[in-house]
Amino acid sequence: MESNEHTDPTRRVLVPRLRPEADAHRALRLVMAGLPEQGAHLSTTPGTRVEAGAELLLADGALLLDAEYWLTGFGRNYDTGKSYPMHRVRVAVHVADAGVDGGLRELWHRDFAQAKSASGSAVAKQLAKWLAKYPAPAGDAQIIGPGQSRPNFKRGACRWCGGEVREKDGALVGWGPGAELEHTPCPPRPVETGEVCEDCERPVVAHQAHRVMVREGEGRWAVRHRGMGMAPCSESPRPTPQEWEAAQQREQAQAEKRRAAEQQRAKQRAKKAAAKAAKEAAVREFAAESERRVAVHGVVAVVATEQLYDKGLRPCGERMRLTEERLRLGDGSEVTRYQVTAYGGAGTVSQSGAGGTYYLLADARAEYKEYEWSPEISRPAPAPVPARTGDDAVLGALMARRSPDAPAAGGGSGEGQWTVDCGVPGPRRARPGGSVYEVGQVMRAELREWQHPVPADAPGYRGGAIPSAIVTVTSPLAPQWCEDEDGNQPSCLIGEDGWWHRARVRIATREEAAPLLAEEAEKRRVRELRAATDALFLRAADGEVPAEGDIDLSGAVRVPYGEELHHGADAPHQIHVDEGAGVVWVLRYNGRDGDTWAWSNHGPYIARRLPLTGERSQLIARLRAEYAVPTMMRVAGIGRDAARVLLERGIDADTAQDSLGYLRLEDEPDVLAWLARPLDQWRSEGWVTSVLNGDPRWPVAQAATLADAGVTGRRAAAHHRAGRTTADQVLAAAVPQLPTGPARILLRASGTGYVTSSPELAAAYIAARPQYWGPDAVTVVEGIHPVHVHDRLDKPWSYWSDGSLVTAPWLRVRSTDGSRPRTAPMPSGLSEAAVTALDLVATSARHGVDRPLWQPLAQATAHTQRELERIEKRHETIVLLHHRFALPDDRVGELWQILREGAAMAGGEGEEWERSDLYPSAPTARAAWTTTR
């Protein structure tokens with residue numbers, strides 16, 4: 001051990017600050033003076049606790065323990081059902097060292113996925129290791145600089161100004177009973193005009209200064225100028241009261257001048273607006289007169305025509321233009337007329353009201369701008385791509401066009417009359433496995449009418465600018481690769497490269513469309529029901545939020561409304577009806593991060609009270625008819641028939657969930673059998689209790705048989721995991737018979753295993769665990785005893801008198817009185833060299849060392865190790881080692897080992913790992929080493 005002499009603290013040390021999102025209240029910074037008790041929380045470690053970010057005086061070699069916690073979620077207690085927070089932890093040990101910045105050097109750290117792991121043996125060993133190397137100095141650490149404050153969650157008085165600090169305001173300083181509150185910073189107080197600033201020693205104006213708390217000693221109030229975004233008053237003097245009053249008078253005079261100038265400009269603007277309005281009125285009057293003259297005298301000739309604007313409307317060829325015409329009338333005069341005309345494509349768009357004739361350019365331009373412009377698509381059709389099966393495709397929006405070569409509109413028969421298409425963006429190398437459409441596929445598609453209308457009697461017809469209907473695919477077309485070139489893609493792949501899928505479709509028959517129409521109708525009905533629930537309950541405007549003491553839900557019954565099907569009993573909102581009181585209670589969950597918890601008036605919920613109107617009563621009846629049975633099935637985990645019977649008997653989902661435990665209800669006979677036995681009896685017999693994760697439930701009839709035989713629900717679940725799934729199999733199972741004399745007893749079930757030499761302990765352990773009652777779960781070898789037990793957390797093993805090596809943990813049985821676990825004697829009959837040899841064999845992941853080669857090593861008397869080669873990688877070190885063992889009669893045993901060591905993240909936790917491969921000879925080891933390199 002290194003010697004380490006300490007003197008009085010003279011080294012300035014900066015304590016590490018909190019890392020982002022770490023829990024400030026659980027975080028631990030502690031100058032170590034000793035070790036915590038085994039298994040105790042890190043906060044019980046002897047020493048001086050300090051704030052994160054504080055400045056200390058420490059002697060070189062003093063150790064600082066650093067632990068930080070991050071919230072990862074919430075777990076649920078199996079017995080009580082209550083939730084509790086779960087944290088991941090980072091534990092580190094630092095030493096005071098004058099040679100590094102900040103005065104602290106990190107010696108070791110480790111991340112743990114669970115907080116309880118930080119109180120385990122891994123951390124305890126590290127703390128003991130470093131405290132042995134760096135003994136704690138005498139005396140407490142001296143704190144010379146404040147650290148980070150912690151959020152405050154209680155109400156109290158500020159330790160500086162004495163004012164009230166509210167919950168979630170200010171900060172908490174110190175630890176334990178001596179913790180105090182303080183403002184951050186203390187609220188300033190007003191001053192009177194004429195008081196003197198402490199910084200610049202000049203009189204102040206009241207609104208430009210305030211009285212602030214100076215945190216020196218026990219604190220004092222001082223008058224200071226406000227910052228106001230300026231330099232300090234000592235560098236940029238603020239005006240005195242006299243200077244401020246003179247400046248205000250000058251500003252008032254200038255404001256009067258600005259006001260007079262603005263009034264003059266307003267008069268000028270009004271004059272210009274009146275002139276503009278008169279001009280516009282004259283222009284419109286002239287346009288109206290021109291239109292009247294055209295109607296009276298008629299047009300004799302078009303003198304001149306000029307196209308002012310022209311644009312495309314849609315990718316199918318329609319365009320719109322604005323032209324100016326000079327007309328000669330019958331009386332010899334001329335007028336100007338503007339035409340907005342749609343043309344091209346399937347004909348003029350003016351059939352649907354677009355375009356028109358105007359005599360005022362502004363009106364014509366307004367009409368022209370109303371219609372959206374989109375670029376035309378002019379691109380040769382891409383070559384077809386052979387279909388290939390096996391790849392999935394993500395469908396784009398279905399768009400449909402009428403095929404130019406399709407037969408006349410009809411429905412239900414014939415070849416495809418329209419072509420539907422969709423785009424699948426992606427690289428060309430991701431070729432699709434054929435079309436995304438299939439022959440006979442029924443779907444809803446939008447059908448764009450260019451020449452022929454969609455029949456209004458088509459199944460599922462929906463009118464509008466782009467009508468849609470239910471169609472059937474008659475023939476999929478081969479997908480084509482389309483590469484975007486300045487936006488000339490199909491409409492479903494604008495701006496993207498991808499595969500263009502198309503198919504010919506026809507109007508579906510009534511029989512073909514019936515399932516899809518029924519599905520749409522069901523979805524529409526559910527949407528309407530949800531909209532009514534939102535309007536009358538969740539977002540109703542006639543509710544009130546009563547005080548916490550005015551809420552009484554004792555006579556209310558929960559109403560299912562669909563959310564329980566997704567969230568179970570923990571739906572974010574709840575609806576309860578109290579028909580006797582004539583009220584409806586709506587509970588909105590308000591306990592998430594970011595919610596204002598102070599608004600909650602009923603636990604973590606905000607409760608609103610609504611009157612029970614006739615409309616709400618009808619909606620509650622609809623909700624119960626729709627969701628009561630599915631909610632009961634989802635929350636209680638029972639069958640449909642059983643849910644229906646329970647609801648008829650007035651048992652709701654929450655009551656059923658709390659009253660079933662390990663019982664499974666599927667139909668009415670199950671419910672009747674369940675009700676035939678009092679609930680208290682089910683509880684006393686251990687069947688209605690909290691169910692552990694993954695435990696199966698039993699049919700009621702079989703559960704009653706097992707309960708009569710004294711078998712509890714958890715015991716029955718253990719039998720079920722062991723493959724005994726009926727009551728007869730459980731009752732027929734028996735505890736294996738064990739010998740009374742010396743023996744090796746190996747227990748293996750469900751991937752776990754234990755070994756012991758005590759039949760008494762093995763019998764006690766097996767009796768409480770039915771999974772070990774099977775024929776292959778217990779292996780007994782009589783007449784042998786353990787020679788050496790190497791018991792540890794990682795890869796334990798034991799060596800027995802018959803020369804066998806068993807890799808399994810040594811059995812420990814928990815005492816009923818709460819004392820230390822009982823275990824069989826663990827002898828240590830091998831030499832240190834023999835333990836090293838057998839440990840290599842037992843812990844190697846792969847080796848070709850047969851039993852005749854390693855068994856003599858149990859007699860080893862000495863051991864030497866030599867490193868032959870080493871490879872250093874970024875996160876891994878690989879070493880080739882040669883082990884030499886001295887045996888009796890001057891014999892020698894040799895083993896070659898390839899050892900890999902490294903660190904990696906596993907399950908969110910940093911872990912150190914190692915792997916050992918063992919070889920019986922140098923050639924085999926060298927061959928493996930060559931492969932490793």
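**Exercise 1.** Determine which residue is the bridge partner of V789 in β36.

*Solution.* The model is predicted, so local features need pLDDT of at least 70 and side-chain atom pairs count only at pLDDT 80 or more, while totals for chains, interfaces and linings use all residues. Residues are numbered from 1 along each chain as its sequence is written, and side-chain values use heavy atoms, with hydrogens and water left out.

Step 1. Strands are DSSP runs of E with at least two residues, numbered from the N terminus; two of them pair if DSSP finds at least two bridges between them.

Step 2. Four bridges link β35 to strand β36 (residues 797-800) in the antiparallel sense.

Step 3. Within β36, S798 is the bridge partner of V789.

**Exercise 2.** State the strand order of the open sheet of three strands, and identify its edge strands.

*Solution.* Step 1. The order is β35-β36-β37, and the pairing is antiparallel.

Step 2. β35 (786-790) and β37 (805-806) each pair on one side only, which makes them the edge strands.

**Exercise 3.** Describe how β14 and β15 are connected.

*Solution.* Step 1. Strand β14 (residues 209-214) runs antiparallel to strand β15 (residues 220-225), joined by six bridges.

Step 2. R211 has V223 as its bridge partner in β15.

Step 3. The two strands form a hairpin with five residues between them, and G217 in the turn has a positive phi of about 65°.

**Exercise 4.** Classify E901 as buried, partly exposed or exposed.

*Solution.* Step 1. E901 belongs to strand β43 (residues 891-906).

Step 2. Buried means under 20% relative accessible area, exposed over 50%, and partly exposed in between (1.4 Å probe, protein chains only).

Step 3. E901 is partly exposed because its relative accessible area is 36%.
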